[in-house]
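Could you walk me through this structure while I have it open in the viewer? I would like to know what to select next and what I will find there.

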Amino acid sequence: MNYQLIMKPRVFNIDPYNIDIRVLKRSAEIIHNRGLVAFPTETVYGLGANALDPKAVAKIFEAKKRPLDDPLIVHIADINDLFSLAIDVPLEIHKLVHRFWPGPLTIVLKKTNLVPDLVTTGLDTVAVRMPSGTIARKFIEVAKTPIAAPSANLFGRPSPTTAKHVIDDLEGRIDVVLDGGSTEIGIESTVVECVDDRIVVLRPGGTDLEELRGIIGDVEVLSSGEDPAAEHTPGKYPQHYSPRAKVVVVEDTPRQAEEVLEKASRMVSDGKKTGILARQEHADHFKDYNVKMLGPGGDSRICASRLFHMLREFDAENVNMIIAEGIPEKGLGLAVMNRLRKAAGPDLV
Ligand code: TXA
Ligand code: MG
């Protein structure tokens, strides 16, 4: 057998505006043969397997080194598939689905028997999402089966926003990567659940709170750890989305830039290879340091789309310490700050 075929995933370039269906058909065959196919969605790259086949799903956990108590999202291309995977869909959830699908919103619902226990890691609920990314949707359509897909990174690492990120983490562990370029949103979907007729956000993400409140009114954000139900909230592991470097977050205050400079000068004199992940408007302050721009603090969409990319770039330079500037928690800023704090871990904020 060909060494290349065993050791490397096959990478297929796909133009989202001119999708080659033959490539999707070959990838769908691999899915039906219990293979793993990484593919772009509008949020981040997913690592897909046939959601209805537990043996295929088991390979996702193995490839990612993901703990067996961290459930997967099931991706669908047709809204009717929701009703074969989930029952008792509350009215509020119907409203959200109607408004936000396809798009970066994942919904946790009571599961049917069609969903293997491994997908939900034994929970009686299943997370379902209909992505808007055109490659993702076409791929699921062609595969004619729901696709279970976590983010296509090694467990705990920043989610991949390019095919290169996927290969950097999972080379030799998966069958195919569909390379559709950089993902648009750059941060994962928002995960919601309806608890006692109230919509609770388990993970802030690509659909922002203001948009959700526009449809539902009252929406609660669960911060993990504050509630026993948080046992099953995304990112329950205290350190997550982490680059290899240590991350320190400096919160959004008027003295933010000065505080970053104090910390940076201390770390550099301690001999740490230090990087600053900065707001663009503060660029001038940090000229003497290794600085990368997160984006304009007032434009959370740009910051979200660059966050994981920049964390991985610091890693590629073997930086030991990243000082990240916080941004306002509006729009996608809530999700950006959630990921930065998770990357920092419990004691480092
Ligand atoms: O944007 C996204 O959501 C990407 C793309 C590929 O769709 N996927 C993604 O998957 O971020 P993953 O596995 O990295 O994160 C999904 C999170 C997990 O942390 C998991 O804990 C949570 O969703 N989740 C899945 N099923 C759940 C359930 N039944 N109840 C509560 N949380 C659940
Ligand atoms: Mg993930």
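What radius of gyration would a compact globule with 349 residues have, and what does the protein chain have? A compact globule with 349 residues would have a radius of gyration near 20 Å, and the protein chain agrees because its value is 20 Å. Please keep in mind throughout that this is a predicted model.

**Stop 1: the whole chain**

Start with the protein chain in cartoon view. Its secondary structure comes to 12 helices and 16 strands. Along the principal axes, the C-alpha atoms fill a box of roughly 55 × 55 × 35 Å. Of the 349 residues, 55% are buried. If you draw contacts with a separation of 6 or more, 68% of them join residues 24 or more positions apart.

**Stop 2: ligand 1**

Next, select ligand 1 and the 24 residues around it; Thr43, Arg66, Asp70, His75 and Ser189 come nearest. By class, this shell has 11 nonpolar, 8 polar and 5 charged residues.

- From a polar side-chain atom of His75 to an oxygen atom of ligand 1, the distance is 2.6 Å.
- Between an N or O atom in the side chain of Asp70 and an oxygen atom of ligand 1, the distance is 2.9 Å.
- Thr125 has a polar side-chain atom 3.0 Å from a nitrogen atom of ligand 1.

How much of ligand 1 does the protein bury? Taken alone, ligand 1 exposes 680 Å², and the protein buries 97% of that.

Colour the strands around the ligand as well. At least two shell residues come from each of β4 (73–75), β7 (125–129) and β11 (198–203). With 3 residues, β7 gives the largest share of the shell.

**Stop 3: Ser151**

Move on to the loop between β8 (147–148) and α8 (163–170), where you will find Ser151. Is Ser151 buried or exposed? Its relative accessibility is 17%, so Ser151 counts as buried. The Ser151 side chain makes a polar contact of 2.6 Å with the side chain of Asn153. Leaving out residues up to four places away in sequence, Ser151 touches Val44, Tyr45, Gly46, Leu47, Lys64, Ser159 and Pro160.

**Stop 4: Phe286**

Now select Phe286, in the loop between β14 (274–279) and β15 (290–295). Phe286 counts as buried because its relative accessibility is 0%. Show its contacts, setting aside neighbours within four places in sequence, and you will see Ala257, Val260, Leu261, Ile276, Ala278, Val291 and Glu325. One of these is worth a distance label: the C-alpha atoms of Phe286 and Ile276 are separated by 7.9 Å, with the two residues 10 apart along the chain.

**Stop 5: Lys330**

For the next stop, go to the loop between β16 (321–325) and α12 (333–344), the place of Lys330. Is Lys330 buried or exposed? Lys330 has a relative accessible area of 58%, so it is exposed. Not counting residues up to four places away in sequence, Lys330 touches Glu210 and Ser300. Then draw a line from Lys330 to Thr112: their C-alpha atoms are separated by 36 Å, and the residues are 218 apart along the chain.

**Stop 6: backbone details**

In the loop between α5 (91–100) and β6 (105–111), select Pro102. The peptide bond leading from Trp101 to Pro102 is cis, with omega near -10°.

In the loop between α2 (21–32) and β2 (37–40), select Arg34. Although Arg34 is not a glycine, it has a positive phi of about 70°. Its relative accessible area is 34%, so Arg34 is partly exposed.

Lastly, find Lys144 in the loop between α7 (134–143) and β8. Lys144 is not a glycine either, yet it has a positive phi of about 55°. With 74% relative accessibility, Lys144 counts as exposed.

Definitions and conventions
Residues numbered from 1 in each chain as written. Chains lettered and ligands numbered in written order. Predicted model: local features only at pLDDT ≥ 70, side-chain atom pairs only at ≥ 80, totals over all residues. Heavy atoms only, no water. Near = heavy atom within 4 Å. Polar contact = N/O pair within 3.5 Å; in protein donor to acceptor, adjacent residues only side chain to side chain. Areas by Shrake-Rupley, 256 points an atom, 1.4 Å probe, with all protein chains shown as cover. Helix = DSSP H or I, 4+ residues; strand = E, 2+ residues; numbered from the N terminus. Nonpolar A, V, L, I, M, F, W, Y, C, P; charged D, E, K, R; others polar. Rg over C-alpha atoms; globule rule 2.2 N^0.38 Å. Buried < 20%, exposed > 50% of the residue type's maximum accessible area, 1.4 Å probe, protein only. Contact = heavy atoms within 4.5 Å.
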